[in-house]
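Please consider the structure shown below.

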Amino acid sequence: MAKPIKALLFDFDGTLLDTNELIIQTFQTVLDRHYPGKYLREHIIPFLGPTLVESFGTVDPLKAEQLVTEYREWNLQHHDELATEFKGVADTLHKLHALGIKMAIVSTKRNNMILRGLRLLQVEDVFETIIGLDDVKKPKPDPEPILLALQRLGVAADEAMMIGDNYHDIEGGKNAGVRTAGVAWSLKGEAFLQTYHPDYMLKHISDLLPIVTGEEQ
């Protein structure tokens, strides 16, 4: 019988904070400056999930660093006007916190931008630790960031679950030996995430409540 879940590890962008439009518009703005008309919306969607260096490296390895800098400048400027909460996220996170569930963010985003998003959602007080791009050498799907989160939370892999909107989250969770959950509101679609066989597929963030209380196994 599976152990009760004591800890939840959340991806951030596209899972808790709806930054999809922000990210797409940022990529579109930067890429249009350098490659007018070449990158359409459908070409940009695969860039959501990997690190910026990885995504821009596929565009032009020699200009990747410059493109990342331009991306971060525009993204920061427009963050608060374009980023929004996925329905029910803040309320559910506070309920999970009240139940004594340990929670962490495990993201490929830089820490300062994660903190900005948490403040926007007004949930910065519910997370015990944040693992961002600044904390690791190898981002998801490598298990390093998830294992670091488990270490900081003081929980075993079989007591935790990784939740995310992309294959990096599911694969990273499996590589670290934790349970996994995909989110059906992923921009890439529920069917895409199901191909990576997460243990759960959340239709709404509140689906976590019966899972952690043992009402759903």
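Predicted model: local features only at pLDDT ≥ 70, side-chain atom pairs only at ≥ 80, totals over all residues.

Residues are numbered from 1 along each chain as its sequence is written, and side-chain values use heavy atoms, with hydrogens and water left out.

The secondary structure of the protein comes to 10 helices and 8 strands; these are DSSP runs numbered from the N terminus, with helices (H or I) of at least four residues and strands (E) of at least two. The C-alpha trace spans about 55 × 30 × 30 Å along its principal axes. For 217 residues, a compact globule would have a radius of gyration near 17 Å, and the protein agrees with this at 17 Å. That radius is taken over C-alpha atoms, and the globule rule is 2.2 Å times the number of residues to the power 0.38. Of the 217 residues, 52% count as buried, where buried means under 20% relative accessible area, exposed over 50%, and partly exposed in between (1.4 Å probe, protein chains only). The accessible surface comes to about 10000 Å², and 52% of this belongs to carbon and sulfur atoms; the areas come from the Shrake-Rupley method with a 1.4 Å probe, and for residues only the protein chains shown count as cover. Among contacts (heavy atoms within 4.5 Å) between residues at least 6 apart in sequence, 63% join residues at least 24 apart.

The strands may be followed from E1. Strand E1 is covered on both faces, with Ala7 and Leu9 buried on one side and Leu8 and Phe10 buried on the other. E1 runs parallel to strand E4 (residues 102–106), to which 4 bridges join it; two strands pair if DSSP finds at least two bridges between them. E1 also pairs with E6 in the parallel sense, over 4 bridges. Leucine 8 takes part in both pairings: it stands opposite methionine 103 in E4, and its bridge partner in E6 is methionine 161. E6 in turn runs parallel to E7, again with 4 bridges, and here methionine 161 stands opposite arginine 179. In strand E7 (residues 179–183), 5 of 5 residues are buried. Arg179, Ala181 and Val183 lie on one side of E7, and Thr180 and Gly182 on the other.

Helix H4 (residues 64–82) has a kink of about 40 degrees centred on leucine 76, the bend at a residue being the angle between axes fitted to the seven residues ending there and the seven starting there. The buried residues of H4 include Leu67, Tyr71, Trp74, His78 and His79. Their cover includes strand E2 (17–18), helix H1 (20–34), helix H3 (52–59), strand E3 (84–85) and H6. Glycine 117 lies in H6 (residues 111–121) and is buried, with a relative accessible area of 0%. Beyond its neighbours within four places in sequence, glycine 117 is in contact with Phe12, Leu17 and His79.

The structure holds 11 salt bridges, each defined as a side-chain nitrogen of Lys or Arg within 4 Å of a carboxyl oxygen of Asp or Glu. One of them joins lysine 3 to aspartate 158, with the closest N and O atoms 3.5 Å apart. Lysine 3 is in the segment before strand E1 (7–10) and aspartate 158 in the loop between helix H7 (144–153) and strand E6 (160–164), 155 residues apart. Both partners are partly exposed, lysine 3 at 43% relative accessible area and aspartate 158 at 37%.

Another salt bridge joins lysine 6 to glutamate 159 at 3.2 Å, N to O. Lysine 6 lies in the segment before E1 and glutamate 159 in the loop between H7 and E6, so this pair ties together parts 153 residues apart in sequence. Lysine 6 is partly exposed at 44%, whereas glutamate 159 is buried at 12%.

Aspartate 169 and lysine 140 form a salt bridge at 2.5 Å, N to O. Aspartate 169 is in helix H8 (residues 167–176) and lysine 140 in the loop between strand E5 (129–131) and H7, 29 residues apart. Aspartate 169 is buried at 2%, and lysine 140 is buried at 4%. Together with Asp11, Lys140 and Asp169 are linked in a network of salt bridges.
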